[in-house]
Each structure stands twice: as C-alpha cells, then as structure tokens.
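Have the sequence and the structure open as you read.

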Amino acid sequence: MLVDLAVAVPLVGAVAAVLVPDRALDAVRASALLAAVCWLVLLLDASVVSVTRLHSAPIVAAAGFGAALLVAAVDGEAVERPVLLGVALTAASIGVAAGRGATDGGGAVVALAAAAALASAAGRLAARVWATAAVGLIVAAIGVVALRSAANAWQLPLTDAASHRGPGVLVMVGAALVAVAGCGRPRAPLTVVVPAGAFVAAQAAPIVHRTAGLTWFAVVLAAAATAASVAARAGRPLLDRPAAALVLLGLAALVVPGAARGPGLLLASAGAVALGFGAPVAAALGIPGGIALAIALAAQGGGGAFAVGGLGALVALALAAVVVRAGAVPRPSIWTVPMFAAGVWLLVAPGTWGWVGPAALHAYDVGAARAAAGGALCLLALVLLGRDPAGWYAHVLPPDTAGEDAVRH
Amino acid sequence: MLLEPLGPNLRSRSHRSLTTLQVGALAGAGVMALTSAGDALLLGVLLGVAAGDVEAGVASLLAGLVVLGRFGSTSLAALAGAQHVVGPAGTSGPVLLAAASWCAAAALTLSTRAEFAVAVVFGLAAADVVAGPATHSAESLAVRAAASLVAVALAWFAGGWVPARLARPAAVAAGVLGVVLVLAA
C-alpha cells in the first residue's frame with residue numbers, strides 16, 4: 001500500500017498542479033514531501049515489500065526518499081513546468097521500485113530515461129547536461145540488454161554474477177553519467193535522477209565487484225571524482241562540485257577491493273543530499289562516508305586501495321579549499337528544511353543508516369554525539385553569559401598605545 | 001604625519017575572533033579529546049574547522065591517519081585501550097611506529113592558533129596521540145596530565161610565536177612523515 005502511495009502521490013500532485021496553476025509548484029512540492037514520508041516509513045520498516053510489479057527494499061526506499069526530497073527542495077526559478085516535474089518524480093519512483101522482489105534492470109533504465117526526459121522538459125537545461133544524460137542512458141541500456149542476453153535475466157544484481165563483469169561495468173558507467181548530469185545544477189529539476197542513477201549503479205556494483213573488486217575501474221571513478229571536485233571554466237564551476245565528486249567517489253568505493261559498500265552508499269547519499277543545498281559547505285556531508293572509506297581501505301591495504309585513498313584525499317582537499325573560499329551561505333528556502341534534517345541525521349548519526357550495511361562508524365557516532373552536545377552546551381553557555389567567545393588575554397591585555405609602531409620605527 | 005611602516009610591528013599573538021562554528025567545533029573536539037571517546041579522523045576534522053585553515057585540517061587528518069595505521073582503528077577508545085595494554089604510543093613498540101606517533105603529535109601541536117582555548121584542545125589531542133589517554137591508575141593519570149600540560153604549553157607557544165607561514169607547512173610535513181613512517185613500519 002505504501003509503495004503504491006509513494007509512487008502515486010507525485011502524480012496526484014501533478015494533477016493538482018494542473019487544476020491550480022497559480023500554486024502548481026507548491027502542489028508538486030507538497031506531494032513530493034508526502035511521498036518522502038511514505039518512503040521514510042518503508043525505509044525505517046526495513047522490510048522487503050512487493051506489490052504487483054513494484055517492490056520496496058531498504059535501498060529502494062532510500063533512493064525514493066532522496067528523489068522525493070530533492071523535488072521538494074527544488075528552486076522555483078529553475079522550474080518552468082511543475083506538472084512535468086511531478087510526473088518525473090513518479091517515473092523516478094517507478095524506476096527504483098521496478099521489479100518483483102528484486103530490481104528489474106530493464107524497467108529501471110526505461111523509467112530512468114522517462115524521468116530524465118520529463119525533468120529536462122520541466123526546466124531549462126544546457127545541451128551538455130541533457131547530452132550527458134542521454135549518453136549515459138544509452139550506455140546503461142546497452143549494459144542491461146547485454147546482461148539479459150548473457151544471463152537471461154533482467155534482475156539487478158544477478159544472483160549468479162560469475163562472468164558478467166563487462167555488462168555490469170557498462171551499467172555502472174551509464175548510471176554514473178546520468179547521476180553526473182543530474183549534478184549539473186543544484187536544486188534543479190534534473191536532480192531527481194541522481195538518487196535513481198546512483199541506485200542503478202549500486203545495484204549493478206556487485207556484478208562488477210564480485211569478491212575481489214575491480215581496481216582499475218575504481219581508480220577511474222575516483223579520478224573522475226577528483227576531476228569533478230575541481231571542474232570549472234573561467235572561474236565558474238561546471239557543475240555542483242561537492243555533489244558530483246561525492247557521488248562518483250561513492251561509486252568508486254562500491255567496486256574498490258575490500259568491503260567498502262557501506263562507505264560507498266554513504267558517500268553517494270551525501271552527494272544526493274548535497275544537491276538539495278547547493279552550497280559548497282554541503283561537502284561536509286561526505287565526512288562520515290569518507291572516514292568509513294578510509295577505515296575500509298586501510299583494512300584492505302594494497303596498491304588499489306592506496307590509489308583510491310589518495311584520490312579520495314585529493315577530493316577532500318579540493319572541496320575543503322572551495323568551502324574556505326566560499327562566501328556566506330545564502331538563506332535557504334523553507335522547502336529545504338526536510339533535506340537539511342536528513343543532512344544533519346547523516347552527519348551526526350550515520351551509524352543509524354542501517355540500510356547501507358556495515359560501515360564501522362560506531363566510534364564516529366559516539367564522538368559526533370558528544371561533540372554535538374559539547375558544542376551546543378558551550379555555545380549556549382556563552383550566549384547565556386553574554387560573553388564574546390574569544391581569548392581572555394584579548395580582553396585583559398591593553399591595546400598598544402596609538403602611534404607606538406611609528407615611535408619604534 | 002604618522003605612516004604605517006612596510007613591516008608593521010604587530011604582535012604575533014594578535015587576537016582574531018572565532019566564529020560561532022569554530023567555537024562549536026572547538027568545544028566538540030575538546031570533549032572528544034578529554035573523554036577519549038569518538039573517532040580520531042572526526043577529531044581531526046573538528047580541529048581543522050576550529051583552526052579555520054585547510055592546512056591545519058590536513059595536518060590534523062594526517063595525525064588521525066597515523067593513529068589508524070598504527071592501531072588499525074580510528075576509535076579513540078580503542079587507542080586508549082591499546083595504550084593501556086602496551087604503554088604510551090610514543091615510548092613503546094617499534095621505533096618507526098613510536099616516531100610516527102611523535103610526528104602526529106607534532107603535526108597537531110603546530111596546527112594550532114594563538115588563542116589559548118584553541119591551543120588547549122590541540123594540546124590535549126596531541127597528548128592523546130603520543131602519551132595515551134588511559135587514566136586507570138595514578139601513574140597513568142600522572143603521565144597523561146604531564147603530557148597534556150607539556151603539549152598544551154608547546155601548542156600555545158607554537159600558536160603565538162611561530163609564524164603561521166612556517167608552522168602550517170611544518171605541521172603538514174610532520175603529518176606526512178608520520179604516515180610514511182607508519183607505511184614503512
């Protein structure tokens with residue numbers, strides 16, 4: 001019931017947008033929030049639910065939740081046809097939920113293509129953005145068809161993933177291109193395909209990873225993440241750098257040797273949530289995933305893990321430099337509050353994101369909770385005492401007398 | 001007419017206000033360092049935010065990576081437990097690993113700022129890394145207290161009197177050296 005509701009509610013929002021054109025975008029946003037609530041309930045329930053040709057598992061609900069929140073947080077100035085945005089969310093929801101008990105690769109790619117086309121029509125997009133998405137969809141479709149030919153199954157991931165690594169790589173590359181295209185501009189209609197694209201890549205990742213990982217592919221994805229973190233032309237970023245870099249680094253973690261699926265999903269989630277903010281400081285959402293990835297890579301060891309770790313460090317350095325140089329964060333819209341709450345949840349208690357699997361973040365959770373409590377208490381105490389949080393000696397030591405420097409010189 | 005000279009005679013320990021975010025990060029890092037609870041890499045991130053400087057953040061994260069490489073875990077509680085069993089990291093184990101711990105402590109000490117509160121937290125973190133946060137007996141408590149006092153004093157000195165243009169690269173270099181030593185061990 002909840003699965004059907006989560007998929008259908010955005011469609012109802014689109015119908016309401018047609019009936020009330022003055023408040024069309026608000027109707028779509030409200031329906032997206034309602035869909036997000038449905039997905040959240042399914043995510044917290046953490047059980048596999050199957051209804052006709054749709055299903056929900058924790059990772060499915062997480063992707064649906066992210067897509068719905070991104071639509072709710074969309075920038076009003078970036079949307080020309082809100083009705084199409086609501087339908088695009090329905091298509092994206094069908095894409096992540098397609099299949100009976102397991103993801104239907106063909107259905108997911110077709111629904112993803114529909115979502116991308118509808119979202120592109122809902123807002124103004126640069127040619128390079130929709131061209132990237134189109135290329136990605138074609139590559140992913142080729143991969144899914146090749147998988148179907150080789151294994152006689154549309155299912156993702158395949159239960160028998162012994163010898164289908166090539167098609168799996170194609171699916172991942174295509175899904176990554178779609179996700180990167182969605183990262184072209186934060187809080188834009190096409191962001192709805194980012195969680196869905198990352199979801200398809202994550203479902204195809206076990207076919208590529210098998211038991212030992214695929215080092216060269218992980219290094220290529222990590223290098224792409226590094227390039228995305230510095231991508232700019234004439235001083236202007238070519239895309240939302242934190243989101244694109246985090247999503248690509250997350251996909252690299254999914255196929256790197258070792259047990260880094262949990263960190264990879266955390267990083268990809270951080271990238272999707274960062275798209276709802278649109279500020280460089282959103283790169284901080286990648287901290288828990290980055291720490292978990294460092295732990296996993298250190299446990300694995302080897303050249304491949306070292307290379308991916310080094311590229312991940314470059315991504316972190318580039319994003320931190322952007323944050324330091326960035327100006328003040330603009331006042332966020334009220335519609336971004338749910339996304340903000342999801343971001344705080346990810347940053348403070350990533351260990352509770354059980355759907356990502358093992359991530360070795362117990363110590364992080366303990367530390368983040370204590371740090372948050374300590375920081376809040378300190379700020380509260382300073383506010384209550386009415387003191388400026390500065391060094392005591394700055395108030396105790398008298399300032400130099402006027403003209404002192406001139407006298408000395 | 002009074003003119004400002006080209007090389008102004010400003011005191012090194014000139015006051016710069018901390019932002020609200022920096023104060024919160026500093027308090028959080030202080031709680032983690034004092035209670036030896038949490039994650040060493042998260043502690044590094046918080047110290048970087050508190051310092052408001054990318055190089056300081058890099059050096060602090062490198063110190064966290066040294067902890068990860070030496071003990072196989074970023075948990076400060078695990079760090080405390082390990083040092084409770086085998087002794088302070090700076091004086092026990094293979095020479096290369098002990099030297100790596102000293103390098104990590106140096107990276108943290110040189111990353112601090114001039115403000116006393118900032119120096120205290122960086123000094124506590126450095127003491128945690130090199131001398132062990134365990135306080136299960138009077139002897140270990142004395143070791144930790146002494147190490148913390150020395151580290152805080154060094155951090156305050158470095159923050160106030162070593163120019164940032166020298167201290168920051170030195171901190172990063174110390175962190176990199178620590179990681180290299182861990183990898184070499």
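In H9(A), the residues A:Phe217, A:Ala218, A:Leu221, A:Ala222, A:Ala224, A:Ala225, A:Ala228 and A:Ser229 meet A:Arg241, A:Ala244, A:Ala245, A:Leu248, A:Leu249, A:Leu251, A:Ala252 and A:Val255 of H10(A). Contact here means C-beta atoms, placed from the backbone, within 7 Å. By class, this contact has 14 nonpolar, one polar and one charged residues. Nonpolar covers Ala, Val, Leu, Ile, Met, Phe, Trp, Tyr, Cys and Pro, charged covers Asp, Glu, Lys and Arg, and the others, Gly among them, are polar.

This is a predicted model, in which local features need pLDDT of at least 70 and side-chain atom pairs count only at pLDDT 80 or more, while totals for chains, interfaces and linings use all residues. Residues are numbered from 1 along each chain as its sequence is written, and chains are lettered from A and ligands numbered from 1 in the order in which they are written.

Two packed helices are described by the angle between their axes and the distance between the axes. The axes are lines fitted to C-alpha atoms, for helices over the stretch in contact, with angles from 0 to 180 degrees between N-to-C directions. Helices (H or I, at least four residues) and strands (E, at least two) are DSSP runs, numbered from the N terminus.

| Helix pair | Axes come within | Crossing angle |
|---|---|---|
| H9 (215-229) and H10 (241-255), chain A | 8 Å | roughly 170° |
| H1 (20-35) and H6 (116-131), chain B | 9 Å | roughly 30° |

So H9(A) and H10(A) are roughly antiparallel, and H1(B) and H6(B) are roughly parallel; the cut-offs are over 145 degrees for the former term and under 35 for the latter. On the H1(B) side, the contact uses B:Leu26, B:Ala29, B:Gly30, B:Ala33 and B:Leu34, and H6(B) brings residues including B:Val118, B:Val121 and B:Asp128. Sorted by class, that makes nine nonpolar, one polar and one charged residues.

Chain B has eight helices and zero strands. Among contacts in chain B between residues at least 6 apart in sequence, 72% join residues at least 24 apart. Take B:Ala59, found in helix H3 (residues 54-71): it has 32 C-beta neighbours inside 10 Å and so counts as buried. Leaving out residues up to four places away in sequence, B:Ala59 touches B:Ala107, B:Leu110, B:Ser111, B:Ala171, B:Val172 and B:Gly175.

Among the buried residues of H5(A) are A:Gly105, A:Val109, A:Leu112 and A:Leu118. The partners of its buried residues include helix H4 (82-97), helix H6 (127-151) and helix H8 (193-209).

A cis peptide bond joins A:Leu156 and A:Pro157, with omega about -10°, and A:Pro157 is found in the loop between S4 and H7. A:Thr52, not a glycine, has a positive phi of about 45°, and B:Ser36 has one near 55°. A:Thr52 counts as exposed because it has 8 C-beta neighbours inside 10 Å, whereas B:Ser36 has 22 and so counts as buried.

Key: Buried ≥ 20, exposed ≤ 12 C-beta atoms within 10 Å, placed from the backbone. Contact = placed C-beta atoms within 7 Å. Parallel < 35°, antiparallel > 145°, perpendicular 65-115°, else oblique.
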